[in-house]
Amino acid sequence: MGHQGGRGERRISAVFLGIAAVMAVTGWAVWTGYSTSAGLAVFLFVTSAWIVSLCLHEYAHARTALHGGDLSVGAKGYLTLNPLKYTHALLSIVLPVLFVILGGIGLPGGAVFIERDRIQGRWKHSLISAAGPLTNVAFAVVCTAPFWLDALDGVPLEFRFALAFLALLQVSAAILNFLPVPGLDGYGVIEPWLSHRVRREMAPLAQFGLIAVFALLWIPEVNTFFFDVVRGLLSALGVPDLDTYCGRELYRFWQDADGVCALPRS
């Protein structure tokens with residue numbers, strides 16, 4: 001396929017716009033109580049918002065790489081925000097959504113392929129890796145803003161719960177992404193500063209990094225510690241435990257709702 005002009009390579013894809021539209025419509029449905037099933041509306045809103053954040057995460061990597069010197073990202077379609085253009089659409093979108101449904105955890109997805117040999121300078125390499133999780137941090141700030149700005153007056157409970165759960169996903173994704181584990185962005189940040197020998201020895205482990213992290217999270221003690229850290233950060237941002245808990249309960253609309261979350265609170 002021939003190299004298209006720059007504008008076509010950067011045009012926002014219809015796929016992304018469709019996902020963003022689902023987020024907007026279902027967010028409106030949660031806010032207004034328009035949906036017959038609040039749980040289903042919350043599920044669709046949080047899932048579509050999570051996919052939007054995954055697309056922006058990968059876009060941030062690609063955009064930073066473009067400015068760093070990898071001009072190939074445009075031809076690969078990475079600047080269109082189309083999740084189907086990623087190296088592994090399954091890894092980038094389906095698995096992270098599955099992890100949210102199964103465990104209520106924001107596990108990072110897979111990847112845009114950056115041609116690292118086109119990029120000069122260690123700082124540029126580190127910044128490219130950091131750009132993705134920093135997007136999750138930005139998303140977390142936006143989701144928690146109504147809480148720490150004390151701006152929740154008039155916000156419907158269901159929407160408040162949905163925002164709290166979405167914030168939990170973004171905070172957990174940012175923490176996991178910044179872990180210095182081969183295959184994750186945190187390792188990508190420090191890798192340029194390691195010796196050639198260490199990098200060579202670590203390279204084969206990259207494909208197992210995400211699986212290893214997920215396996216570790218199945219260990220109850222590790223899981224408890226991890227979520228204590230996440231809850232501590234959310235609490236510092238003014239998000240109560242009960243809100244994230246009820247957000248997760250609402251999200252799992254196929255399960256019987258917990259009575260605690262059905263009670264109106266002052």
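Glu 115 has a relative accessible area of 21% and so counts as partly exposed, a class that lies between buried (under 20%) and exposed (over 50%), judged with a 1.4 Å probe on protein chains only. Its partner in a salt bridge is Arg 118, with the closest N and O atoms 2.6 Å apart. Arg 118 is partly exposed as well, at 42%. A salt bridge here is a side-chain nitrogen of Lys or Arg within 4 Å of a carboxyl oxygen of Asp or Glu. Both residues belong to a network of salt bridges that also links Asp 70 and Lys 76.

The model is predicted, so local features need pLDDT of at least 70 and side-chain atom pairs count only at pLDDT 80 or more, while totals for chains, interfaces and linings use all residues. Residues are numbered from 1 along each chain as its sequence is written, and side-chain values use heavy atoms, with hydrogens and water left out.

**Salt bridges**

The whole structure holds seven salt bridges. Side chains of opposite charge can pair when their charged atoms come close.

| Glu 115 | Arg 118 | 2.6 Å |

Helices are DSSP runs (H or I, at least four residues), numbered from the N terminus. Asp 243 is buried, with a relative accessible area of 0%.

Arg 231 and Asp 228 are both in helix α11 (residues 220-236); because they are three residues apart, about one helical turn separates them. Arg 231 is partly exposed at 32%, and Asp 228 is partly exposed at 42%.

**Aromatic rings**

The search of the whole structure gives 12 aromatic pairs. One of them joins Trp 28 and Tyr 34, a tilted pair with 5.0 Å between centres and 40° between planes. Rings of Phe, Tyr and Trp (its six-membered ring) pair if their centres lie within 6.5 Å; planes under 30 degrees apart are stacked, over 60 edge-to-face, and the rest tilted. Trp 28 is partly exposed at 46%, whereas Tyr 34 is exposed at 63%. Elsewhere, ring pairs link Phe 43, Phe 165, Tyr 251, Phe 253 and Trp 254 into a cluster.

**Backbone angles**

Which residue in the loop between α4 (72-75) and α5 is described here? That residue is Leu 81, whose phi is positive, about 65°, although it is not a glycine. Leu 81 is buried, with a relative accessible area of 7%. Asp 150, in the loop between α6 and α7, also has a positive phi, near 55°, and is a residue other than glycine. Asp 150 is exposed, with a relative accessible area of 67%.

Note on methods: Helices (H or I, at least four residues) and strands (E, at least two) are DSSP runs, numbered from the N terminus.
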